[in-house]
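Morning, everyone. I have one structure to walk through today. Please look at the screen while I talk.

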Amino acid sequence: MDNASIKNNIYNFRKSRKMTQEEVANLLDISVTAYRELERGSTSVVNPNIVKMADVMDASTEELVLGYYP
């Protein structure tokens, strides 16, 4: 799984949950800029934030990484 696929999965999952980038960033306790970098693929997503991000979006890490979203 490449970083581009993962970032697209995170974007699609966030959208399916009707969450804004700001909401997710606040729940992750990171800046909006840092979250945008994750979603854009400028920062590696497979880091400690992926577990917290999955929790915030009520998903599993597998769903975010592999792209299973409603």
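**A walk through the helices**

Leaving out neighbours within four places in sequence, Gly67 contacts Asn9 and Glu62. Gly67 sits in the segment after H5. Now look across to Lys7. Gly67 and Lys7 are 60 residues apart along the chain, yet their C-alpha atoms are separated by 9.5 Å. One caution before I go on: this is a predicted model.

Now the overall layout. The protein chain has five helices and zero strands. Along the sequence, the pattern reads α-α-α-α-α. The chain holds 70 residues, and 31% of them are buried.

Next, how the helices pack. Take H1, residues 3-16, and H3, residues 32-40. Their axes come within 7 Å and cross at roughly 120°. H1 and H3 are therefore oblique to each other. Who makes the contact? From H1, we have Lys7, Ile10, Tyr11 and Arg14. From H3, we have Tyr35, Leu38, Glu39 and Arg40. By class, that contact of H1 with H3 splits into four nonpolar and four charged residues, with no polar ones.

H3 also meets H2. The axes of H2 and H3 come within 9 Å and cross at roughly 110°. H2 brings Gln21, Glu22, Val24, Ala25 and Leu28 to the contact. H3 answers with Val32, Tyr35, Arg36 and Glu39. The contact of H2 with H3 counts five nonpolar, one polar and three charged residues.

Let me stay with Gln21 for a moment. Gln21 lies in H2. Is Gln21 buried or exposed? The relative accessible area of Gln21 is 17%, and the cut-off for buried is under 20%, so Gln21 is buried. The Gln21 side chain makes a polar contact with the side chain of Arg36, at 2.8 Å. Setting aside residues up to four places away in sequence, Gln21 touches Arg14, Tyr35, Arg36 and Glu39.

Step back one residue. Thr20 is in the loop between H1 and H2. Thr20 has 35% relative accessibility, so Thr20 counts as partly exposed. Thr20 and Val32 are 12 residues apart along the chain, and their C-alpha atoms are separated by 9.9 Å.

Now for H4, residues 49-56. Which residues of H4 are buried? They are Ile50, Met53, Ala54 and Val56. Viewed down the axis of H4, these buried residues fall within an arc of 160°, so they line one face of the helix. On the other side of H4, Val51 and Asp55 are exposed. And what covers the buried residues of H4? The cover includes H1, H2, H3 and H5. For finding your way on the screen, H2 is 21-28 and H5 is 61-66. After H4 comes Asp58, with a positive phi near 55°.

H3 contacts H2 through residues including Val32 and Arg36. And H4 has buried residues on one face, with Val51 and Asp55 exposed on the other side.

Terms used
Residues are numbered from 1 along each chain as its sequence is written. This is a predicted model: local features need pLDDT of at least 70, side-chain atom pairs count only at pLDDT 80 or more; totals for chains, interfaces and linings use all residues. Side-chain values use heavy atoms; hydrogens and water are left out. Axes are lines fitted to C-alpha atoms, for helices over the stretch in contact, and angles run from 0 to 180 degrees between N-to-C directions. Helices (H or I, at least four residues) and strands (E, at least two) are DSSP runs, numbered from the N terminus. Angles under 35 degrees count as roughly parallel, over 145 as roughly antiparallel, 65 to 115 as roughly perpendicular and the rest as oblique. Contact means heavy atoms within 4.5 Å. Ala, Val, Leu, Ile, Met, Phe, Trp, Tyr, Cys and Pro count as nonpolar, Asp, Glu, Lys and Arg as charged, and the others, Gly among them, as polar. Buried means under 20% relative accessible area, exposed over 50%, partly exposed in between (1.4 Å probe, protein chains only). The arc is that of the directions from the helix axis to the C-beta atoms. A polar contact is a pair of N or O atoms within 3.5 Å; within protein, one must be able to donate a hydrogen and the other to accept it, and residues adjacent in sequence count only if both atoms are side-chain atoms.
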